[in-house]
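Please read these notes with the model open beside you. They are set out as numbered points, to be checked one at a time.

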Amino acid sequence: MKRSRINQIMQAADDMIRRHGFALPPFAYWTPEAFRANKARAARVISGRCGWDITDYGQGQFDELGLFLFTLRNGLLSDLQRGGGMCYAEKLLISRQDQLSPMHTHVLKAEDIINRGGATLVVELYGSDDRGGFAADRGGLVRCDGIDRAFAPGEKLRLAPGESVTLMPGDWHAFWGEGGDVLIGEVSTVNDDETDNIFRDPIGRFAEIDEDEAPLHLLVSDYRRWLG
């Protein structure tokens, strides 16, 4: 993706988030230079990979295959492993109309996917085989707003604003906006986007960036290179 395109997506996403009555934390608006100056104070932001995340899954077709994310907070895997402490994470996502977030599952992360506003969020679901792999012939059980609901393989849940689905490890899912763009909330156990996204098809999690202009704000995938 071109950095200029990423900068445009950031600005549009911020506008949509504000229109729905949400506001991002102050570090969201730091310039790269301000991030460098504050990196000691922001050590937990950096290690938790909180912040801007815009991906085309390495396929170069963001409008058709992509996702906007902002990680607001993220706990520690060590706390999760010992069973106490900050074991949770929270994100805001934007799924554009007909923009696919491709079929995947997680090994560790359980998550609530919440339609925070906008159009309808479509979530396509499949179950796992006995080894946790994608199973085209298996359904399963999810919880929608606290109510258990069985799903058939390939069933598409349609979530209106305010509705949600709880997905457990092994629940294979893809999603997109229907009829318009959707602001999505995600509340989950500790999030590790580098290792805990298992895609059905061989694609990447992060975009490759063409630096055609300076970044407006750093992406989480920029932290190692820009902040050391």
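**Notes on the model**

1. Start at the surface. L77, V107, L108 and I198 form a nonpolar patch with about 340 Å² of accessible area together. Patches take residues with over 30% relative accessible area and no salt bridge; nonpolar side chains (Val, Leu, Ile, Met, Phe, Trp, Tyr) are joined within 5 Å, like charges within 9 Å. Accessible areas come from the Shrake-Rupley method with a 1.4 Å probe, and for residues only the protein chains shown count as cover. I198 sits in strand β12 (residues 198-199). I198 counts as partly exposed because its relative accessibility is 31%. The classes are buried (under 20% relative accessible area), exposed (over 50%) and partly exposed in between, with a 1.4 Å probe and protein chains only.

2. Ground rules. This is a predicted model: local features need pLDDT of at least 70, side-chain atom pairs count only at pLDDT 80 or more, and totals for chains, interfaces and linings use all residues. Residues are numbered from 1 along each chain as its sequence is written, and side-chain values use heavy atoms, with hydrogens and water left out. Helices (H or I, at least four residues) and strands (E, at least two) are DSSP runs, numbered from the N terminus.

3. The main core. The largest nonpolar core has 30 residues. Such a core is a set of buried Ala, Val, Leu, Ile, Met, Phe, Trp, Tyr and Cys residues joined through side-chain atoms within 4.5 Å. L24, F35, W52, I54, F68, F70 and Y223 have the most contacts inside it. Two or more residues each come from α1 (3-19), α3 (43-47), β1 (51-55), β2 (67-74), β3 (88-95) and α5 (223-227). Helix α1 gives the most to this core, with 6 residues. Apart from it lies another core, of 21 residues, among them Y57, V182, I184 and F199.

4. F70 and G51. Leaving aside neighbours within four places in sequence, F70 is in contact (heavy atoms within 4.5 Å) with L24, P25, F27, A28, G51, W52, E90, K91 and L92. G51 belongs to strand β1. G51 is buried, at a relative accessible area of 1%. Residues up to four places away in sequence aside, G51 touches F27, L69, F70, T71, V220 and Y223. G51 and M10 are 41 residues apart in sequence and 11 Å apart in space, C-alpha to C-alpha.

5. Salt bridges overall. The whole structure holds 23 salt bridges. The criterion is a side-chain nitrogen of Lys or Arg within 4 Å of a carboxyl oxygen of Asp or Glu. Side chains of opposite charge can pair when their charged atoms come close. R18 is partly exposed at 46% relative accessibility, whereas D14 is buried at 13%.

6. D193 and K91 form a salt bridge at 2.8 Å, N to O. This pair links distant parts of the chain, 102 residues apart: D193 is in the loop between β11 (172-189) and β12, K91 in strand β3. D193 is buried, with 9% relative accessible area. K91 is buried too, at 3%.

7. Charges around E186. E111 and K109 meet in a salt bridge of 3.6 Å, N to O. Both E111 and K109 are buried. E186 lies in strand β11 and is buried at 5% relative accessibility. Its side chain makes a polar contact with the side chain of K109 (2.9 Å). A polar contact is a pair of N or O atoms within 3.5 Å; within protein, one must be able to donate a hydrogen and the other to accept it, and residues adjacent in sequence count only if both atoms are side-chain atoms. Beyond neighbours within four places in sequence, the contacts of E186 include K91, K109, E111 and D112.

8. Backbone check. Most residues other than glycine have a negative phi. Which way does phi of R49 point, positive or negative? Phi of R49 is positive, near 50 degrees. R49 is in the loop between α3 and β1 and is buried, at 18%. D145 also has a positive phi, of about 50 degrees. D145 lies in the loop between β7 (140-144) and β8 (147-151) and is partly exposed, at 43%.
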